[in-house]
Structures are given as C-alpha cells and as structure tokens.
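Take a moment to look over the model before reading on.

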Amino acid sequence: MQEIIAPARAIEGVISLPGDKSISHRYAMLAAIAEGESTIANYSTGADCQSTLGCMAALGASIERKDGEVVIHGGALAEPAGDLDAGNSGSTIRMLSGILAAQPFTSRIGGDESLSRRPMQRIIAPLREMGAWIEARDGKLPPLAIHGRPLTAIDYTLPMPSAQVKSCVLLAGLFAQGDTIVREPVRTRDHTEIALREFGADVETERRVITLRGGAKLTGRELAVPGDLSSAAFFLVAALLMPEANLVIHGVGLNPTRSALLDFLVSIGASLKVLDLRQTGGELVGDLRVRESKISGGVIEGAMTAALIDEIPALAVLGAASSGGLTVRDASELRVKETDRIAALAENFARMGVKMETAPDGFRIEGGQRFHAAELDSAGDHRIAMAFAVAALAADGLCTVADAGAAAVSFPEFFSTLHHIVRK
Ligand code: S3P
C-alpha cells in the first residue's frame, strides 16, 4: 500500500491513541497465565499485539472481545497444536520464550522475514543459564524450538539495555525455583515489573536491581492500557514541524522510563504541557498539549539513547528541520530493529535531499535542511513509515510512502488520525 502525502501548514485537534504496544503484550501474556478472568481496555490495535493474542490463544487461553475490551481467561498453558506465529513482533518472541522455556511441553515459535533476521542469542543465553533447552536456526535466529523444562533462578546482568531481555528472564523466573535477579546497567522500560505486581507477583526494584520471587500465583485483573507514547511521538513531531500547531493528545502513558521523550523535546525548545497526570494499573497517564515551537539542536547518547530508542526515527526528522541538527550516539541497537533503522533513515533522507552522516552506532544530521518532495519507502518498518509520513508534511511538494501499510504493526489508525489533524 502506498500513501500520498501533501504538504501541510498546521496541525490542530484533539485525539486519543490506541493502547501502548509494550504494555498490551505484557497484559496479554500475564492474563493468559493468571488464574481467572482479566479484562483489558484500550488493548493495542497493532498487528504485533494481535500476534501475542494469537500465540496465547494457541497456548490454550480463552480470548474474547467484549464491548471493545479484550477478555482473557487464563490458567495453565497447553501444548500448541502447531507452530506459534509472532509475526513481526520481537517483543512477542523474546518475552514469550521466557514463559515457554518453563512449560511441560515443546513449542516452536517464529515469525515473518524481518523477525527471522533478528538476534535471539540475547534471550537464549540467560534462559540456558536457567536450565532451558532451546534450539535456534544457526544457533541464534528464529524460529526457535523450546523444549520446556523445570528452571532455576539466576542472577543476571543485562549485557545490553533491553527491556525485552529483562522481561524474558523475569517471566521465566516466575516459574523458576528461587529468587531471580536482573541487574540493569542502563535503565530500560519497567512495564513488566509494574504489570507483574498488578497480577500479584512479588517483585522489588532497588537501584536498577530487580528481584522476583519464583512460584507466585497470578490472578486475573481489570486493566486499562494507556495510550502509546511512542505513537504519540509522530504527532508531537508533526506539530513541532509546522508554523501553526495546537494539538491535544488524551490519555497517553507517561511512565518515567518512557517519558524521556518529553524531557528531550522540552530541552530542545518544544512548547509541551502535561495537562492532567493520573495513574492506572500502576502506570502514569496524562494529556499532552503541544504548540508550534522553535526547535534547537540536540545530542542523544548513553542512557538517553536507550530511553528514546523507539522515538529516534521521529526525532531524526525533527532534527533535520531544527536550527542545530541532531547527533545520535550509542545506538547500534537501531541496526537490529524491524529493519536497520540507521540505513532506512539515511536512504529516505537522501531521497528528500536531506544530508545525514552515518556511523555504525549512530548518525549526525545538520539542522535547517529543506525536505524535497520524494518517493519514500518504509522498508517494511512501521516506525520508518510513520516518521517519513510526518517528514512529507514539511516537504515542498507531494510525497509518496511505499509500503506505508507497515504502520499497522503498531498503529493501524495512523494515517486516518494524521489526516484528521492536518490542515493544508
Ligand atoms: C520493547 C523494548 C524495546 C523496544 C521495543 C519494545 C518492550 O526493545 O525497542 O519496541 O516492549 O520491551 P529492546 O528490548 O530490544 O530494546
């Protein structure tokens, strides 16, 4: 599917967003292994989160949709009749593997062509330390054959800042004997720890050391997923690119391990306000108002890179239009996302006549650059599709985005929501 995007003058309106992708995955997995019924409101509409529901249903959870909510009856999982399909979703395969490693049966889990290229050694290594038996293509790639076994708790220091790896170990730890400890040299999103507590597990966090007691009995819960801040990022950037903007986004998740985005935007000059801060299911939620602003340049590196990893494609677009440009360092993880995001940014910017210097673990974009009309390409990556749809709003003519349907991986309503707030 190709989208045609015309230049815009302003962004205006009031919108709400589908549920956070990261939180939706976690609620679905925990609801499926918890005793009794869970009701999840505002569950992500993205294809990735439907892949997780599909896997949990194949593992025996009963899943229904009632009045727009997802109702899950959980309990002990059962051996799936066929291969589990994680689709495009790294979160599904990596986090679910932690649960599967401890079940009394064998499962096979794989996904699409992009997922089949993504590194799995990072979860296989700690799970093996816990006693798991996992086979992978070439020893490191999906599909995985996971032969469930009794597991033992470990004390594990994350070798890279990855919430998926942390979550995989913690979910395996739920079924392990003893206390599982995960140490994080760099803080990553803590939705798993919060959700585990909500479902009744015993988890403590102290100075980036997480301790989970094995063998907890989880029970079903009623939960509401906050709007996805990583999806909001595209609209925030769209507003900040325009000479006129007044946009309110209702009910966005503002967990402090995710909201570095807002701090960064404010630090480079964004006029951004949080209107009504509240809590749901242990997660912070608020309404955001953004107005037209003068954006200066910035640097993203170290722990900040880990905290902003999903927002970097959108921020790169803002960086090119800012007065001082954007430098990103310590971001080699971008090379192993749904596509090599550094290469995909460079390719699409080149098509727009925007200069970008790349490095193995980052890039530099000078500010004050003009975006020329171009034929853009998502490379099958949802965040690249959305970032360049937003860049196209600031171009000097009509742009096309090829394979724009990739946006549906996290946000099927992206283009209709964008059209709703764009003024020509
Ligand atoms: C996620 C963690 C991050 C992020 C991904 C979602 C999660 O991945 O990029 O979109 O839900 O835990 P890594 O764990 O690979 O950093």
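Ala41 has Ala224 as its bridge partner in β14. Three bridges join β14 to strand β3 (residues 36-41), and the two strands run parallel. Strands here are DSSP runs of E with at least two residues, helices are runs of H or I with at least four, and both are numbered from the N terminus. This is a predicted model, in which local features need pLDDT of at least 70, side-chain atom pairs count only at pLDDT 80 or more, and totals for chains, interfaces and linings use all residues. Residues are numbered from 1 along each chain as its sequence is written, and side-chain values use heavy atoms, leaving out hydrogens and water.

**The sheet**
- Four strands make an open sheet with mixed pairing, in the order β4-β5-β3-β14; two strands pair if DSSP finds at least two bridges between them.
- At the edges lie β4 (62-66) and β14 (222-224), each pairing on one side only.
- From one strand to the next, the twist averages 20 degrees.

**A helix on the sheet**
- Helix α1 packs on the sheet and touches β3, β5 (69-74) and β14 (contact means heavy atoms within 4.5 Å).
- The direction of α1 makes about 35 degrees with that of β5; angles run from 0 to 180 degrees between N-to-C directions, and axes are lines fitted to C-alpha atoms, for helices over the stretch in contact.

**Two helices together**
- α1 (residues 21-33) and α2 (residues 47-58) pack at about 5 degrees, with axes 9 Å apart.
- Among the residues making this contact are Met29 of α1 and Leu53 of α2.
- The contact residues comprise six nonpolar, three polar and two charged (Ala, Val, Leu, Ile, Met, Phe, Trp, Tyr, Cys and Pro count as nonpolar, Asp, Glu, Lys and Arg as charged, and the others, Gly among them, as polar).
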